[in-house]
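Let's take a friendly walk through this model, stopping at a few residues along the way. Please have the sequence and the 3D view open.

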Amino acid sequence: MKKCFLITLVMLAGMLQVAGAKNEDPNLGIIPAPVSIARKAGTFHLTTATRLAATGTEAQQVAGMFNAFLKENYGYTLKTTQESAPGNNSIVLAIRENVAPKEGYRLAITRKSIAIQGADGPGLFHGLQSLIQMLPVEKQADYTLPCAIINDYPRFTYRGMHLDCGRHFFPVSFVKEYLDMMARYKFNTFHWHLTEDQGWRIEIKKYPRLTTIGSRRNETVIGHNSGKYDGKPYGGYYTQDQIRDVVQYARERYIT
């Protein structure tokens, strides 16, 4: 009994430490650091009764992705509406072209509501990612967010990451997880390395031997130019349909 009690205390202390770290962080846990954050008095209480309002196709798409995130990580979704002014206890998503530079957003958290306004679709999506970063890691049904006004836009037009699938093949599920992580931190360009002498990874129907032969190597060098090999055949490739699926998955997250 004492052991269980001590373990519970340690877990609670860890949870409070994580929550406290975000509250003490001047950037509220948002990465990259926003252009400006103005902290306000009070908190917004987000619960399963909070409504999610979105008008317009892109805003509704972003709202749908937020509900998918909540379902996967917390086990519930918010009731959605297309009202532009849904009242108290709501999260309102909207595109306002003059609110920030391209791909920028304004995130306003008050005691009564949360409003995310994006300069465009990517900006609105990035504002949502900042809100998600502020949420707790542990699964719970309701939590509080500090009141603040956050203004942000990217410093760099090109924000890319590279994944080398030529040397080491990764399944589509991993590539999508990689894209999810890129989206969380507001990267917008995916450099997908698919072809080289170590393996051809993309199906070209006119030249089938590129994949039947070129996608596999007999063995892999051990270390860096050691002259020693592991003797294990290695390979894999993506079909054109899988490539299209990944491209669409990236596009939905505003990643080129």
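## A buried lysine

Lysine 186 has a relative accessible area of 7%, so this residue counts as buried, the cut-off being under 20%. Keep in mind as you look that the model is a predicted one. You will find lysine 186 in the loop between α4 (172-184) and β9 (189-193).

The backbone here deserves a glance too: lysine 186 is not a glycine, yet its phi is positive, near 70°. As background, most residues other than glycine have a negative phi, and most peptide bonds are trans.

## The loop between α1 and β1

Leucine 28 sits in the loop between α1 and β1, and it is buried at 3% relative accessibility.

The loop between α1 (2-24) and β1 (36-46) also holds isoleucine 31, and proline 32 lies in the loop between α1 and β1 as well. Which kind of peptide bond, cis or trans, joins isoleucine 31 and proline 32? The bond is cis, with omega about -5°. Isoleucine 31 is partly exposed, at 47% relative accessibility. Together with Met181 and Tyr185, Ile31 makes a nonpolar surface patch of about 280 Å².

Now turn to strand β4, which spans residues 90-95. Is this strand mostly covered or mostly open? It is mostly covered, with 5 of its 6 residues buried.

Strand β4 pairs with β2 (residues 51-54) in the parallel sense, over 4 bridges. Strand β6 (residues 113-118) also runs parallel to β4, and 6 bridges join the two. Leucine 93 in β4 is a handy landmark: alanine 54 stands opposite this leucine, and isoleucine 116 in β6 stands opposite it too. As a general point, side chains in a regular strand alternate between the two faces of the sheet.

## Glutamine 60 in helix α2

Our last stop is glutamine 60, in helix α2 (residues 57-74). Glutamine 60 is partly exposed, with a relative accessible area of 34%.

Which residues does glutamine 60 contact, leaving aside its neighbours within four places in sequence? They are Ala54, Thr55 and Gln82. Glutamine 60 and alanine 94 are 34 residues apart in sequence, while their C-alpha atoms are 9.0 Å apart in space.

Key:
Residues are numbered from 1 along each chain as its sequence is written. This is a predicted model: local features need pLDDT of at least 70, side-chain atom pairs count only at pLDDT 80 or more; totals for chains, interfaces and linings use all residues. Side-chain values use heavy atoms; hydrogens and water are left out. Buried means under 20% relative accessible area, exposed over 50%, partly exposed in between (1.4 Å probe, protein chains only). Two strands pair if DSSP finds at least two bridges between them. Contact means heavy atoms within 4.5 Å. Patches are made of residues with over 30% relative accessible area and no salt bridge: like charges are joined within 9 Å, nonpolar side chains (Val, Leu, Ile, Met, Phe, Trp, Tyr) within 5 Å. Accessible areas come from the Shrake-Rupley method with a 1.4 Å probe; for residues, only the protein chains shown count as cover. A salt bridge is a side-chain nitrogen of Lys or Arg within 4 Å of a carboxyl oxygen of Asp or Glu.
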